[in-house]
Amino acid sequence: METQDSALERLSALRGEINKVVKGQDAVITGLVIGLIAGGHVLLEGVPGVAKTLTVRALSAGLSLKNTRVQFTPDLMPGDLTGSLIFNSQSSTFTFREGPVFTNLLLADEINRTPPKTQSALLEAMEEHQVSIDGVSRELPDPFMVIATQNPVEYEGTYPLPEAQLDRFLLKLEVPLPTREAELEVVNLHLQGFNPHDLAGAGIHAVASAEDIAAAKEAVKQVEAGAEVLGYIVDLVRATRHLPQVELGVSPRGATALLATSRVWAWLCGRNFVTPDDVKSLVLPTFRHRLRLRAEAEMEGVTAQSILDTVLSATPVPR
């Protein structure tokens, strides 16, 4: 119990550590921590220049974990991610050279800039935490998390992610432009000599570890969710499937994802039980990428957020 309490304290401190260099993105930072503890993957969407890459690097530095960044481009091949067999002429044998996926935090930058064949190369790694090369399965490090960044779909030269891959992301976090106050903090930080490539110099230190993440995962297993909360989650999921604007509603995997994220949030709040408010807080980031809207609804300006707002207001909340 003491280990779990100290893990909560350290992981709470982690959010403050990242805040030293990333301003005005508290919801994104919290979402990444939730995803890490829940053992899921996170999709970040936002325009260039809103500190998506910096946030991931700061998260890695605050945890003392290995992180690798891959820039997804139209010519990126699956083997560029997973690694490949290299022929050794001296020994006349093939040896495996690990690709960048063999890391703790994989930043897949601009994932929707690369064609679906390469995007799908991540699926096994995301789902099974392993890659298979030439019939041999190789385990990935633990913890392992894919944090993918995505440009808004209206940008040219992008490929929409297939639904099967989108459903593998536990959360989709939208990274907004900062408020005026937060942007002033960013400018002042740079005025004082902040170097984004020297996080140690900016005061970012490892305040938590992989052991704290493992302890947090064990603690979250003890977080209870009553029958009324489980019913509420299922009712929310089912409500997304019966709206005329929706072509594809949230899958059963989405229901289990909402339970997982709600339990982690409850634990981070210092509770061992999930409340309906926990569920409501996580509906949007857990569900927004699991909805496919009808084309005519999108043309009328309907969004996933407006659909989920409707679902939340129409679904009775247990007392």
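**Entry 1, ground rules.** I number residues from 1 along each chain as its sequence is written, and side-chain values use heavy atoms, with hydrogens and water left out. Since the model is predicted, local features need pLDDT of at least 70 and side-chain atom pairs count only at pLDDT 80 or more, while totals for chains, interfaces and linings use all residues.

**Entry 2, the sheet.** I found an open sheet of five strands in the order β2-β5-β8-β1-β9, with parallel pairing; strands are DSSP runs of E with at least two residues, helices are runs of H or I with at least four, both numbered from the N terminus, and two strands pair if DSSP finds at least two bridges between them. The edge strands, each pairing on one side only, are β2 (67–71) and β9. Neighbouring strands of the sheet are turned by 20° against each other on average, direction ignored, where axes are lines fitted to C-alpha atoms, for helices over the stretch in contact, and angles run from 0 to 180 degrees between N-to-C directions.

Is β8 buried or exposed? Six of the six residues of β8 are buried, so the strand is largely enclosed by the rest of the structure; buried means under 20% relative accessible area (1.4 Å probe, protein chains only). Met145, Ile147 and Thr149 lie on one side and Val146, Ala148 and Gln150 on the other. Four bridges join β8 to β5, with Ala148 as the partner of Ala108, and β1 also pairs with β8 over four bridges, where Gln150 is the partner of Glu45.

I then looked up the largest pocket, which holds about 850 Å³ of space. A pocket is an open set of points on a 1 Å grid over the protein atoms alone, where a 1.4 Å probe fits, with protein on both sides within 12 Å along at least five of seven lines, and lining residues have an atom within 4 Å of a point. Of its 28 lining residues, Lys172, Arg288, His289, Leu291 and Glu298 are the closest to the centre. The lining divides into twelve nonpolar, six polar and ten charged residues, and α6 gives the most to it, with three residues.

Note on methods: Points joined across faces, edges and corners; volume = space filled by probe spheres on them. Nonpolar A, V, L, I, M, F, W, Y, C, P; charged D, E, K, R; others polar. Buried < 20%, exposed > 50% of the residue type's maximum accessible area, 1.4 Å probe, protein only.
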